[in-house]
Amino acid sequence: MTRQEREAAVRSWLLLSAASADTSRTEWDRTGIALLHCGALLSVIRMSTELVEAAAGSNEPGSVRDFLEAALFGGPVFVDVYTARYYALVPASAADRPEWRERRHAPHAEILGRGSYVGVPRPGLDEPHSGHFSYWCVPMHGPADLCDPDAVSQLVAHGRHRLTTREAVSGR
């Protein structure tokens with residue numbers, strides 16, 4: 001499968017979460033971002049940049065990308081540089097897990113599940129680009145190819161531990 005075929009397949013699958021596929025296609029074409037529903041096909045774990053960089057041990061975008069790709073076994077993640085958040089796409093059922101239902105990782109990480117919406121970058125926007133504040137740092141490899149919820153929870157726990165350790169050492 002070529003890159004264009006993969007992106008077209010991913011785009012079609014993601015559009016199943018759109019209120020209107022036509023509107024979302026237009027949004028992707030105009031702004032590079034489309035608003036999608038969470039909770040049916042997918043949920044999204046929203047993580048602070050501070051947490052992700054602590055887990056990665058780096059604030060260099062390439063190193064963070066490599067870390068995320070390895071830690072999440074190639075699962076899809078996009079970053080919004082404007083809001084300083086990373087978004088890992090997980091199965092919709094992840095919202096039922098106790099760590100997310102009980103908000104154990106707040107305020108650094110939370111799940112966007114049923115009843116939530118998220119602005120998702122157009123497949124193919126894989127690098128920072130002038131005029132686009134959101135891009136895939138780890139692109140989707142195919143339809144329904146999502147992050148493993150256990151791996152995301154472990155990454156978040158690791159980042160929280162590193163943040164807590166750093167705060168204890170600095171006396172905050």
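Leaving aside neighbours within four places in sequence, which residues is Ser17 in contact with? Before I answer, two remarks on the model. This is a predicted model, in which local features need pLDDT of at least 70, side-chain atom pairs count only at pLDDT 80 or more, and totals for chains, interfaces and linings use all residues. Residues are numbered from 1 along each chain as its sequence is written, and side-chain values use heavy atoms, with hydrogens and water left out.

Back to Ser17. With contact taken as heavy atoms within 4.5 Å, the partners are Leu36, His37, Leu41 and Leu42. Ser17 is found in the loop between helix H1 (3-14) and helix H2 (21-31). Helices (H or I, at least four residues) and strands (E, at least two) are DSSP runs, numbered from the N terminus. Ser17 counts as buried because its relative accessibility is 4%; buried means under 20% relative accessible area, exposed over 50%, and partly exposed in between, with a 1.4 Å probe and protein chains only.

Next, the sheet. Five strands form an open sheet, ordered S5-S2-S4-S3-S7, with antiparallel pairing; two strands pair if DSSP finds at least two bridges between them. At the edges are S5 (109-112) and S7 (134-138), each pairing on one side only. Neighbouring strands here are turned by 30 degrees against each other on average, direction ignored. Helix H3 (residues 49-56) packs on the sheet and touches S2 (42-48), S4 and S5. The direction of H3 makes about 80 degrees with that of S2. Axes are lines fitted to C-alpha atoms, for helices over the stretch in contact, and angles run from 0 to 180 degrees between N-to-C directions.

Now the cores. A nonpolar core is a set of buried Ala, Val, Leu, Ile, Met, Phe, Trp, Tyr and Cys residues joined through side-chain atoms within 4.5 Å. The largest has 30 residues, of which Met47, Leu68, Leu72, Val77 and Tyr86 touch the most other members. Not counting residues up to four places away in sequence, Leu72 touches Val77, Ala88, Cys147, Ala151, Val152 and Leu155. A second, separate core of 20 residues includes Leu15, Val118, Val120 and Leu146.

Last, some backbone details. The Ala106 to Pro107 peptide bond is cis, with omega near 5 degrees. Arg103 is not a glycine, yet has a positive phi of about 55 degrees. Arg103 sits in the loop between H5 and S5 and is exposed, at 52% relative accessible area. Ala144 also has a positive phi, near 65 degrees; this residue lies in the loop between S7 and H6.
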